[in-house]
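Subject: Structure for you to look at

Hello,

Here is the structure I said I would pass on. Please open it beside this message; my notes follow.

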Amino acid sequence: MRQARSEATIRRLLDTALEAFTDDDFTLRAVTSRSGVSTGSLYHHFGSFDGLAAALYSECMDDLLTGLIEAVERAEGTEEGVRAIVRAYLAFARDETARARFIHAAPFVEPHAAAVAARKAPRMDRLTAWFAPRVAAGEIADLPPALIEMLLIGPLAETTRRVLAGAPGLDLDEAAAALPGPIWRSLRAH
């Protein structure tokens, strides 16, 4: 019973934090008053307000990376896998706008960078494992995984940031139609 209450409190805090962030009211006071959860309980579960932000960031990132993994693992062939990741990333930004905004804003996460990286690592390892045999087979450029990630995710992250900021002339669906080819060409072995 106590565990269920604890999990419900954690869920309420995470959901309320995302709502408060979406309303440009991402403060300790806003989250505790909106959720009805005491500051002491928030600190008990997350250590600090920054800890809550890091947990929410990790949860949002888990959702994004899980979508990318599912898309790439369903794809037939290397080129289609890369294209699937591009489409899945931009679909997440379109369909989960609040979560995408939170990822790209990453408020207060820096003090918890090591914990965030540790939580992200299994999913990143799974994506790296998909790429590794394709690099070895000469289908994808022989680059360190971090550079492959930059070529793949960098354009998607920047496009998403700009669209979410309201930059004129950008649309996530148009980007999803236009970017898979150029990103594939940047990654394929020549």
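Seven residues from domain 1 and nine residues from domain 2 make the contact, where contact means heavy atoms within 4.5 Å.

Before the details, some bookkeeping. This is a predicted model, in which local features need pLDDT of at least 70 and side-chain atom pairs count only at pLDDT 80 or more, while totals for chains, interfaces and linings use all residues. Residues are numbered from 1 along each chain as its sequence is written, and side-chain values use heavy atoms, with hydrogens and water left out.

Overall fold

The chain has ten helices and zero strands; helices (H or I, at least four residues) and strands (E, at least two) are DSSP runs, numbered from the N terminus. Its C-alpha trace spans about 55 × 35 × 30 Å along the principal axes. Of the 190 residues, 43% are buried (buried is under 20% relative accessible area, exposed over 50%, partly exposed in between, with a 1.4 Å probe and protein chains only). Among contacts between residues at least 6 apart in sequence, 69% join residues at least 24 apart.

The core

The largest nonpolar core has 61 residues, and Leu52, Leu90, Phe102, Ile140 and Leu152 touch the most other members. A nonpolar core here is a set of buried Ala, Val, Leu, Ile, Met, Phe, Trp, Tyr and Cys residues joined through side-chain atoms within 4.5 Å. Helix H4 (residues 49–74) gives the largest share of this core, 15 residues. Domain 1 and domain 2 both contribute residues, so the core lies between them. Leaving aside residues up to four places away in sequence, Leu52 touches Leu13, Leu14, Ala17, Val31, Leu42 and Phe46.

H4 against H5

H4 packs on helix H5 (residues 78–95) at an angle of about 145°, with axes 8 Å apart. The axes are lines fitted to C-alpha atoms, for helices over the stretch in contact, and angles run from 0 to 180 degrees between N-to-C directions. From H4 the contact uses Cys60, Asp63, Leu64, Gly67, Leu68, Ala71 and Val72, and from H5 it uses Gly81, Ala84, Ile85, Ala88, Tyr89 and Phe92. These residues divide into ten nonpolar, two polar and one charged (Ala, Val, Leu, Ile, Met, Phe, Trp, Tyr, Cys and Pro count as nonpolar, Asp, Glu, Lys and Arg as charged, and the others, Gly among them, as polar).

Thr9 is in helix H1 and counts as buried, at 13% relative accessibility. Not counting residues up to four places away in sequence, Thr9 touches Val37, Ser41 and His45.

Asp24 is in the loop between helix H1 (2–22) and helix H2 (28–35). Most residues other than glycine have a negative phi. Asp24 has a positive phi of about 55° although it is not a glycine, and Asp24 is exposed, with a relative accessible area of 73%. In H2 the buried residues are Ala30, Val31, Thr32 and Ser35.

Regards

Methods: Domain bounds come from an automatic or database domain assignment.
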